[in-house]
Amino acid sequence: MAQTFRIAAIALAAAATSFGVAAQDFPGSKNITVVVPFTAGGPTDRVARDLAEALRKPLGGATVVIENVAGAGSSIGAAKVARANPDGYTLLLNHIGMSTMPSLYRKLPFDVLNDFEFLGIVNDVPMTVIGRPTLEAKNFAELREYINKNKEKVNIGHSGLGSAGHLCGLMFQSAMATQMTTVPYKGAAPAITDLMGGTIDLMCDQTTNTSSQIEGKKVKAYGVTTLQPLKAPALKDIPTLDSSGLKGFNVTVWHGLYAPKGTPAAVLTKLNNALKQAVKDPEFVRKQEGLGAVVVADSRVEPAEHKKFVAKEIETWGKVIKAAGQFAD
């Protein structure tokens, strides 16, 4: 019996040593996959692709590939990562969907706070209220008058239940004390295409997805959702909704990086260190600022602060979603 225990102990020690060596060598020559739970070409996809490039150098030149797994307000892609092998080679980049899914979905197949390792917040992305180019309102005051006159005849599109655009739209309608007809799409790209074509009236979407359309005058811009004006060339002349009369209106979309629960501590440390270097990469910062995004430079890049922040956001958005009464099965 003693001999059996000694053999088992030796086997466990060997396995632990082997696992430690694997963690020490991470990532080696193996590709790292970052799952984006939205369609290719959307705002979160753009952030992910810029980040993937910025992560290459601090990860020793590793190849970081993007896999788009869209659907169900980001829950399908998130579930895939939650179930993935916890070895650090499958990660998730998601936005505020991580804080809204617990309230939106009654049968969520994972627990946001307990089934993921939190690696750090990447950026904060302001949003813009934009309209079709043929909309008669020239500024926010005229838009408000137009909405008050037409109410539910006005429609507002978004990229799916639980998307940033959906949530911002809910907040916007609440602040305007009105209810519009909502039009869901399977992604931001088809929604903004229909907006430019005049099929829908309004959208509230991330600057990462609207800056080029605003700059090209393909849509009308009525306001930004931050308390302070933005500095990006395409956005610097757009007033804040707060200054236009919606006092206190402040919605930003943050993006965070996650690994499956149980990923080895040594691997998590390497990934977090790589993220800290990536968000300071001048080219990454330049690209994000060009899209109107603000790269995180505060304590939320630390795993513990990231998790604490998401927990608080879950509470905040839970109240908004419950008040709106919009849920998914």
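Let's start with what's tucked away: of the 329 residues in the chain, 51% are buried. Keep in mind that this is a predicted model.

What is the chain built from? You'll find 11 helices and 10 strands in it.

Now for overall size. A compact globule with 329 residues would have a radius of gyration near 20 Å, and the chain has 22 Å, so the two agree. Along the principal axes, the C-alpha atoms of the chain fill a box of roughly 85 × 40 × 30 Å. As for how the chain meets itself, take the contacts between residues at least 6 apart in sequence: 79% of them join residues at least 24 apart.

Next, let's zoom in on two helices. Two packed helices are described by the angle between their axes and the distance between the axes. For helix α5 and helix α6, that angle is about 80 degrees, and their axes are 12 Å apart. Since angles of 65 to 115 degrees count as roughly perpendicular, α5 is roughly perpendicular to α6.

Which residues do the meeting? Here are the two sides of the contact:

| Helix | Range | Residues in the contact |
|---|---|---|
| α5 | residues 140-150 | F140, R144 and I147 |
| α6 | residues 164-176 | F172, A175 and M176 |

Sorted by type, the residues of this contact of α5 with α6 come out as five nonpolar, one charged and no polar.

Notes:
Residues are numbered from 1 along each chain as its sequence is written. This is a predicted model: local features need pLDDT of at least 70, side-chain atom pairs count only at pLDDT 80 or more; totals for chains, interfaces and linings use all residues. Side-chain values use heavy atoms; hydrogens and water are left out. Axes are lines fitted to C-alpha atoms, for helices over the stretch in contact, and angles run from 0 to 180 degrees between N-to-C directions. Helices (H or I, at least four residues) and strands (E, at least two) are DSSP runs, numbered from the N terminus. Angles under 35 degrees count as roughly parallel, over 145 as roughly antiparallel, 65 to 115 as roughly perpendicular and the rest as oblique. Contact means heavy atoms within 4.5 Å. Ala, Val, Leu, Ile, Met, Phe, Trp, Tyr, Cys and Pro count as nonpolar, Asp, Glu, Lys and Arg as charged, and the others, Gly among them, as polar. The radius of gyration is taken over C-alpha atoms; the globule rule is 2.2 Å times the number of residues to the power 0.38. Buried means under 20% relative accessible area, exposed over 50%, partly exposed in between (1.4 Å probe, protein chains only).
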